[in-house]
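Please find below a note on the structure under review.

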Amino acid sequence: MELAIAVRLYLALALCGLVLSAGNRCPYQDGFKKFRCDNGECTPASWVCNGVVDGCKDGSDEKASKCDSVPSTKLSVGQRVTVRVHYKEEFGPVEFHLCDGGQCSRLWVPGAVPGGQLTFSALTRCNARGRYCSGGNYNSGARPAEHFRSGYLVFEAERRAGQLAVWLQGHPDKVATLPAPSASSDTLNVRPDHWNNDMPAAFINDTCDYEDGFKKYRCNSGECTPASWVCNGDVDGCSDGSDEIAAMCDKVPTKTLSVGQRVTVRVHYKEEFGPVEFHLCDGGQCSRLWVPGAVPSGQLTYSALTGCNARGRYCTGGNYNSGARPAEHFRSGYLVFEAERRAGQLAVWLQGHPDKVATLPAPSASSDTLNVRPDHWNSDMPVTFGDVSTVSRRPAGAVIVPFEGVAQCGFASASGQAFIVKGKNASLSEFPWHAGLYVASVQVCGGSLVLPRVIVTAAHCLFTNGQYGSQLDANDLQVSVGSPFRDWDRSTPEAQRRNVSRLVPHPRYRGFPRNYADDIGLVVLQSPVDFNAYVVPICVDWVGSAVPRPSENSVGKVVGWGRTEDRSPSPVLQSAELPFIPFDKCAAAVPSTFLPFLTNDKFCAGHVDGATVAPGDSGGGLAFQHGDRWFLMGIVSVGVPRKLSYSAFTDVHEYRSWLNEVVKPFA
């Protein structure tokens, strides 16, 4: 009996010895295998290479030979790279670090939903190993996640102004974004969250040569083919058919556009794309507008091709080389077009040049699908569409008044010209719709009276320091109309003061993390104001077609208590004339760090080294005159800090549907 016990004990000890000598046999924690230190102890694999010796007592979790070998590549603004990862589930989330040497930002990606949208957290102000982050947002992107499965994952990573953009290959419209630590950040590192074993990651830059000045497309097989053959509806480029993969070709940016409708099309353009193409399709066939550039006046050069297949290729009719000649080919940057579906055709023009139209015959009366793609599809061309609007041919100055009490909107009874910075005082009756927003008797923002109880302002004015999550209480805010003075205690007979019953920021507003997109909100008063010569609502194009949108050479007026020439706050209301600035001109003039704030719902206005808006003007209205009335077209949103330059205004036109809905209870 004792012998049997001894044998069992010996076998048990031998088995334990065998297990302990079989390499990395650390236990699991939270479903992930721990990391085995050189001294044999085990530590969480997520602590490996975090910049602090807090895992292994012998420091082997922070050995430079391991941590410095993280897969890495240089990626400057405007560059893109394919990242192919040999993934195992034991790695946990895949991490993308954008670094500038001293610090990093960290994109933590655990998986994606079936549509291809990544789930991610975007963390900022991290150390040089991408750990111990003090800023950013957790749990961004789609929810719930489907965690990555073992196998190969292929991502695209693009360094954009102010950020890193990452998406699964074939899903360029499902982007995860990460703020850059600085403008000079150009190092991309890719590592596993749980570094129990090395995660192989390969960076695949375009290695194909050029043909006729355009880089060829790299097939999955590694061969190269002309990029203009990609997604042409015929497997004639790549022998493995990878130039016609549905996951890529079916993801062409698209918008439904019926006769009488218009949409803004914003393109993040690179010269390697060649001409920009607009396809009008009805399912079975398309017509193709091929646009390589424009002349200085804004007239597009184009070819209008008809009888094309469903991919807009192999066209049998149409006219080549239409429009102005010679062309100035588009340069890399942002291009903003307007596209309008008219009877029998599609009309396209550069924003700000509605008289310089390129036209394309419609394949049929039912054609209502607009696709936008590059001619040379070497890489995805980011395209965003604005809200679709209905086109009306009403005469300038016409006004539709769907709400009672605003028939007298938009009339000003005085004229004057001053500037918010470097300016003179403004006449109150010139801007009788302007409202001052006050917290504890201190003026914090401006707004525009649109209904007897409704002020339109910027959403960031409704939060402490503009930060989402710290919304003001309605009782904290008071409103003054009819007064030219900033000082709450300096009253005038014309002034009307009101308490606030409700604050309504746009539901998508998130402040800085989303670059102040959707920066619009309402202040609802407890009681209506009385209209007189000094208190008049401004007109709003409630239906989106009463007046034309601003274009190049349009000049609007903005009012507020900005700053005087010595940069001190102005005690008296001031105004400025600010011209509308086309997007491409604005993007070329402002600092690159400001570009991310030019979101799709913004437009630019102002001067370089001239009159501009200043702190305290936020939420005020930028008005444009049509006939004898003034219309609210923009809301002061964001400007370039400490610099006289163009400013970004929330485009009221983009929110007309939302405004119509939310003001109804208070009209």
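The numbered points below begin with the basis of the values and then turn to the structure itself.

1. Basis. This is a predicted model, in which local features need pLDDT of at least 70 and side-chain atom pairs count only at pLDDT 80 or more, while totals for chains, interfaces and linings use all residues. Residues are numbered from 1 along each chain as its sequence is written, and side-chain values use heavy atoms, with hydrogens and water left out.

2. Two cavities of 30 Å³ or more are present in the structure. A cavity is a set of points, on a 1 Å grid over the protein atoms alone, where a 1.4 Å probe fits but cannot get out; lining residues have an atom within 4 Å of a point. Grid points are joined across faces, edges and corners, and the volume is the space filled by probe spheres set on the points. For the largest cavity this volume is about 90 Å³. Its lining consists of Val540, Asp541, Pro550, Leu632, Met633, Asp651, Val652, His653, Arg656 and Leu659. At least two lining residues come from each of β44 (629-639) and α5 (656-663); helices (H or I, at least four residues) and strands (E, at least two) are DSSP runs numbered from the N terminus. The lining divides into six nonpolar, one polar and three charged residues, where Ala, Val, Leu, Ile, Met, Phe, Trp, Tyr, Cys and Pro count as nonpolar, Asp, Glu, Lys and Arg as charged, and the others, Gly among them, as polar.

3. Second largest cavity. The second largest cavity holds about 40 Å³ of space. The residues that line it are Thr264, Arg266, Thr384, Phe385, Gly386 and Asn600. β22 (261-269) and β32 (383-385) each contribute at least two of the lining residues. By class, one is nonpolar, four are polar and one is charged.

4. Nonpolar cores. A nonpolar core is a set of buried Ala, Val, Leu, Ile, Met, Phe, Trp, Tyr and Cys residues joined through side-chain atoms within 4.5 Å; buried means under 20% relative accessible area (1.4 Å probe, protein chains only). The largest such core has 68 residues, and Val450, Val479, Leu522, Val523 and Leu598 touch the most other members. In soluble globular proteins, nonpolar side chains tend to be buried together.

5. Surroundings of Leu598. Which residues does Leu598 touch, not counting those up to four places away in sequence? They are Arg266, Phe583, Cys586, Ala587, Val590, Cys604 and Ala648, with contact taken as heavy atoms within 4.5 Å. Of these, Arg266 also lines the second largest cavity.

6. Disulfides. Eleven disulfides are found in a search of the whole structure, each being a pair of cysteine sulfur atoms within 2.5 Å. In the pair Cys99 and Cys104 the sulfur atoms are 2.0 Å apart, and the link is right-handed, with 105° about the S-S bond. Cys99 is buried at 4% relative accessibility, and Cys104 is buried at 1%. In the pair Cys281 and Cys286 the sulfur atoms are 1.9 Å apart; this link is right-handed, with 105° about the S-S bond.

7. A left-handed link. Cys445 and Cys461 form a disulfide with sulfur atoms 2.1 Å apart, and the link is left-handed, with -85° about the S-S bond. Cys445 lies in strand β35 (residues 442-451) and Cys461 in the loop between β36 (454-457) and β37 (477-481), so the pair ties together parts that are 16 residues apart in sequence. Relative accessibility is 6% for Cys445, which counts as buried, and 4% for Cys461, also buried.

8. Helix α5. Is α5 mostly covered or mostly uncovered? α5 is mostly covered, with six of its eight residues buried. The buried residues are Arg656, Trp658, Leu659, Asn660, Val662 and Val663. Their cover includes β33 (389-390), β35, β36, β38 (496-505) and β39 (521-525). Arg656 and Leu659 also belong to the lining of the largest cavity.

9. Val77. Val77 is located in the loop between β5 (72-74) and β6 (80-87). The C-alpha atoms of Val77 and Asp186 are separated by 7.6 Å, although the two residues are 109 residues apart along the chain. Beyond its neighbours within four places in sequence, Val77 contacts Arg159, Arg160 and Ala161.

Note on methods. On a 1 Å grid over the protein atoms alone, a cavity is a set of points where a 1.4 Å probe fits but cannot get out, and a pocket is an open set with protein on both sides within 12 Å along at least five of seven lines; lining residues have an atom within 4 Å of a point. Buried means under 20% relative accessible area, exposed over 50%, partly exposed in between (1.4 Å probe, protein chains only).
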